[in-house]
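Here is a short tour for anyone new to reading protein structures. Take a moment to turn the model around on your screen, then follow the points below.

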Amino acid sequence: MTEKPVISTPAEPCAGCPAYAQLEQMGIKMDGFERVVALAGNPNTGKSTLFNSLTGLKQHVGNWPGKTVTRAEGGYKFNGVRYKLVDLPGTYSLLSASQDEEVARDFLLFGNPDATIVVTDATALERNLNLVLQVMEITDRVIVAVNLMDEARRKGLEVDTRSLSRDLGVPAIPITARTGEGLSLLLQTVADVIEGRILTKPLRVNGTPEFQKAIEQLVPMIEEFVPGIPNARWVAIRLLDGDARVRQVLESGKLSELIASQRREEKAYSARMAVEGRL
Amino acid sequence: MQAKDIIEKAEVLRAGLSTGFRDEMVKSLYREAEIIARRAVRRAGDKKYDLDQRIDRIVTSPLTGLPIMLALLGIVIWLTVSGANIVSDASATVLFWIGDQGKAFFEFLRLPWWITGFIWDGVYRGLAWVVSVMFPPMAIFFPAFTILEDLGYLPRVAFNLDWLYRKSGAHGKQALTMAMGFGCNAAGVISTRVIDSPRERLIAILTNNFVPCNGRFPTLIMLATVFVAAGFSGFTASVIAAAAVVGVVLIGVGFTFLMSYLLSRTVLKGEASAFTLELPPYRRPNIRRILYTSLIDRTLFVLWRAMQTAAPAGALIWVLANIPYHNTSLAQAIAQWLNPFGYLLGLDGVILLAYIIAIPANEIVVPTMMMVYTNAGMMISTPETGEAIRSLLVGGHGWTLLTAINLMLFSLLHNPCATTILTIYKETKSLRWAAMSVVITLGTAFLVTFLTASLARLLGLV
């Protein structure tokens, strides 16, 4: 690979390193944050490792799928802007059943993050892209972090992130969260996407024209019923799909409740996580 | 606009769509992913890395998988036992010497006897016991366990044990949550969130406590070292002690299966559901991070928690031991009153009293018990080495091998600590299930110790 490590290890900032002039790990200090960034991805792709590198927190990381079962929150400052980073449990798809996967789905849907980093495993890109495509159904502001580049290199795999960006319509950044490689570029890209300096055009698998028309009819109705809903399109798709759970949430009026609860800060909880580090 | 209108409209639109439209969409999603991935990923040269697969073929084979697992468990526990042995005696000596100096200093200041006693014989001694018994094994076990976790070995354990869980009517991922329980049962209970089916998740929650957490390991290790391996020395002793601990752990795992089986055929009826489990690549553990998480986060956290309970427990014992009651102390009177019941279980009244006092964190049963023995005037000096503890308990208090073994079984099987019970309540949102977790475990503990005690007496072994 031609990519040079931009950051050494986040634990030991090198004085001359420009990235460190920009990145400040904020730990659990999240007051007055200006932007919310979500970390999504398949299980065991290194979301928590990336979370720790950026926030300086010591969220437990394990080499097994399912280690993170709740969302953890932390803060970092990049170029003077404060970001809140939300680490979500890993999920293979957004049509999920188990409780930890629901945590991830609900936040992406109703937490309305300013940007979502989908962390993917460079050694198993195809399977990981399924989730990327599903996340892009929900939100435009997606950045794909192609993690575990070191492992891919060891396995003799070359990942062309430029081709990936072009095909997906969103930026794809090669990183190795464990060593810090590529992190400053990732953070710069996240900032650029949020501020609109990079315009994403996510690839959408649209389906048939009649399906499109059906969605277009439902979306305004849902938006009228739940003002400020961030993902009317997704709710419409799920309704057309006959999803009993989404239907029930809509009927019982819990949808607005869900949106409100996702926006609430989970600071107390995060502080406890950081102190206890039990999970 | 009402929810009803939206749903009605959706139903109408849905009926107008050709069937299987969504399947088509999902299929095209997967097709798209495949095309994009193929364009972006290139295999350079013919560097074939199937080392992982070759290792997996060995560690997950039906033939060698289980023996390797057992061997790894044995090695980790042996390292803990033999390492802890060296540190424990030394730290006990130092800590109790400090206690003696402190007491002498207070006496030199001519402070009232009850202040000196309360602080140095009560609170301080409680803390010293907990630190010297618990810290050394934890400081060795946690890093060793975290290395295995970081390597990626845990999913292989789940893979190996899956058939056993399926036979018990439980979820294969219960192996993962059980492994988490070795660190802390409360964490184990939280980790059951990875199990989709509510039925199987409840089984995993209710049986998690049968694996000894790190708070209880030190008790097992101390008893195994001091009693089971008594009469042996050096390497042989540490191997025998480790084998005894492994045996107890296996009994615990056995009870997990048994209880899962019973639950899934009675109150939690159902079939085991299928699941896919990814075997992640083996990764080189990051030693610095392991030391940080296992020593700072886990060891000090657990130790701090134990100390918070040990200090008031020590104080309470000192008070009980110094309140006179019919020619003896209150502590002794309660212990005597509990004695018949303790005898039935192959234990004694002091152990039960210690167990009751230590309920908030029952991993401190042994330190509490030692404090009751010492403070109730039943022990004149503070025993510092394992050998001294043994001779005092056997000689002075009629302990037998049965007492030690039953105490090990009791601490393996008894109810979850207060934190874990609270976690079970939070996770299940049901008082009933939280209560069930106590009833099941405590019932099992009473039954098993009663049976072993009766059997040993029947056979004339004691």
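Strand β3 (residues 72-78) and strand β4 (residues 81-87) of chain A run antiparallel and are joined by seven bridges. Within this pair, A:F78 stands opposite A:V81 of β4(A). Strands here are DSSP runs of E with at least two residues, and helices are runs of H or I with at least four, both numbered from the N terminus.

This is a predicted model, in which local features need pLDDT of at least 70 and side-chain atom pairs count only at pLDDT 80 or more, while totals for chains, interfaces and linings use all residues. Residues are numbered from 1 along each chain as its sequence is written, and chains are lettered from A and ligands numbered from 1 in the order in which they are written.

**The sheet of chain A**
- Seven strands make an open sheet with mixed pairing, in the order β1-β3-β4-β2-β5-β6-β8; two strands pair if DSSP finds at least two bridges between them.
- At the edges are β1 (23-27) and β8 (172-174) of chain A, each pairing on one side only.
- On average, neighbouring strands of this sheet are turned by 25° against each other, direction ignored.
- Helix α6 (residues 161-168) of chain A lies across β6 (142-147) and β8, and runs at about 160° to β8(A).

**Chain A as a whole**
- Chain A holds twelve helices and eight strands.
- Of its 279 residues, 51% count as buried, meaning that 20 or more other C-beta atoms, placed from the backbone, lie within 10 Å of the residue's own.
- Of the contacts in chain A between residues at least 6 apart in sequence, 69% join residues at least 24 apart; a contact means C-beta atoms, placed from the backbone, within 7 Å.

**Two packed helices in chain B**
- Helix α4 (residues 65-108) of chain B packs against α11(B) at an angle of about 130°, with the axes 9 Å apart; axes are lines fitted to C-alpha atoms over the stretch in contact, and angles run from 0 to 180 degrees between N-to-C directions.
- That angle makes α4(B) oblique to α11(B), the word for angles that are not under 35 degrees (roughly parallel), over 145 (roughly antiparallel) or 65 to 115 (roughly perpendicular).
- Among the residues making the contact are B:W78 of α4(B) and B:V245 of α11(B).

**A covered helix in chain B**
- Helix α9 (residues 198-207) of chain B is mostly covered, with nine of its ten residues buried.
- The buried residues of α9(B) include B:R199, B:E200 and B:L202.
- Among the elements covering them are α7 (174-183) and α11 (234-265) of chain B.

Technical notes
A residue is buried if 20 or more other C-beta atoms lie within 10 Å of its own, exposed if 12 or fewer, and partly exposed in between; C-beta atoms are placed from the backbone. Two residues are in contact if their C-beta atoms, placed from the backbone, lie within 7 Å.
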